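Please read it with the coordinates open.

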Amino acid sequence: MIEPSKQRAALQAIQAVMWEARLQAHREVPHERLASMMDKAEYLVALMLEERDQTAFFRSHLESLKEHHGCAMALGMFEAQPDP
């Protein structure tokens, strides 16, 4: 689960990852790289479904997506929503 105050931001971050993947597909990024990005995006959804709080791990996963796949916007979307 993600902290209730961050759930909307988490969904927006996942949407930003999908947007980045589509953009990279149009730029003809190798399919192995896109597959890796989508695997990580799928895991973000799984973290939201966990019973225990996974907010910090969700954020670190977004940092990895930013570093390895250029998904800075996703991390920015998640951090833009203030914590309670």
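1. Ala13 is a residue of helix α1, where helices are DSSP runs of H or I with at least four residues, strands are runs of E with at least two, and both are numbered from the N terminus. Its relative accessible area is 0%, so Ala13 is buried; buried means under 20% relative accessible area, exposed over 50%, and partly exposed in between, with a 1.4 Å probe and protein chains only. Leaving aside residues up to four places away in sequence, Ala13 touches Phe58, Leu62, Ala74, Met77 and Phe78, a contact being heavy atoms within 4.5 Å. Ile2, eleven residues from Ala13 in sequence, lies 12 Å from it in space, C-alpha to C-alpha.

2. On provenance, this is a predicted model, in which local features need pLDDT of at least 70 and side-chain atom pairs count only at pLDDT 80 or more, while totals for chains, interfaces and linings use all residues. Residues are numbered from 1 along each chain as its sequence is written, and side-chain values use heavy atoms, with hydrogens and water left out.

3. Helix α1 has 20 residues, which at 1.5 Å a residue should span 28 Å, and its end C-alpha atoms are 29 Å apart, in agreement; the expected span is 1.5 Å times one less than the number of residues. Its buried residues are Ala9, Ala10, Ala13, Ile14, Ala16, Val17, Glu20, Ala21 and Gln24. They lie on the same side of α1, because they cover an arc of only 155 degrees around the axis, the arc being that of the directions from the helix axis to the C-beta atoms. The face turned away from this buried side carries the exposed residues Arg8, Leu11, Gln15 and His26. The cover over the buried residues of α1 includes α2, α3 and α4.

4. How do α1 and α4 lie relative to each other, roughly parallel or roughly antiparallel? Their axes come within 8 Å and cross at roughly 170 degrees; axes are lines fitted to C-alpha atoms, for helices over the stretch in contact, and angles run from 0 to 180 degrees between N-to-C directions. The two helices are therefore roughly antiparallel, given that angles under 35 degrees count as roughly parallel, over 145 as roughly antiparallel, 65 to 115 as roughly perpendicular and the rest as oblique. Ala9, Ala10, Gln12, Ala13, Ala16, Val17 and Trp19 of α1 meet Met73, Ala74, Met77 and Phe78 of α4.

5. The loop between α1 and α2 contains Glu28, which has a positive phi near 60 degrees although it is a residue other than glycine. Most residues other than glycine have a negative phi. Glu28 counts as exposed, at 70% relative accessibility.

6. Leu34, Met37, Lys40, Ala41, Leu44 and Leu47 are its buried residues. Their arc around the axis is only 130 degrees, so they fall on the same side of α2. They pack against α1 and α3, whereas the face turned away carries the exposed residues His31, Glu32, Glu42 and Leu49.

7. Helix α3 comprises residues 55–69, and its 15 residues should span 21 Å at 1.5 Å a residue; the end C-alpha atoms are 20 Å apart, which agrees. Thr55, Phe58, His61, Leu62, Leu65 and His69 are buried in α3. These residues cover an arc of only 120 degrees around the axis, which puts them on the same side of α3. They pack against α1 (7–26), α2 (31–49) and α4 (72–80), while Ala56 and Glu67 are exposed on the other side. Gly70 follows α3, with a positive phi near 70 degrees.

8. The structure holds two salt bridges, each a side-chain nitrogen of Lys or Arg within 4 Å of a carboxyl oxygen of Asp or Glu. One joins Arg59 and Glu63 at 1.9 Å, N to O; both residues lie in α3, four residues apart, about one turn of the helix. Arg59 also forms a salt bridge with Glu79, with the closest N and O atoms 2.1 Å apart. This pair links distant parts of the chain, Arg59 in α3 and Glu79 in α4 being 20 residues apart. Arg59 is partly exposed at 29%, as are Glu63 at 34% and Glu79 at 41% relative accessibility.
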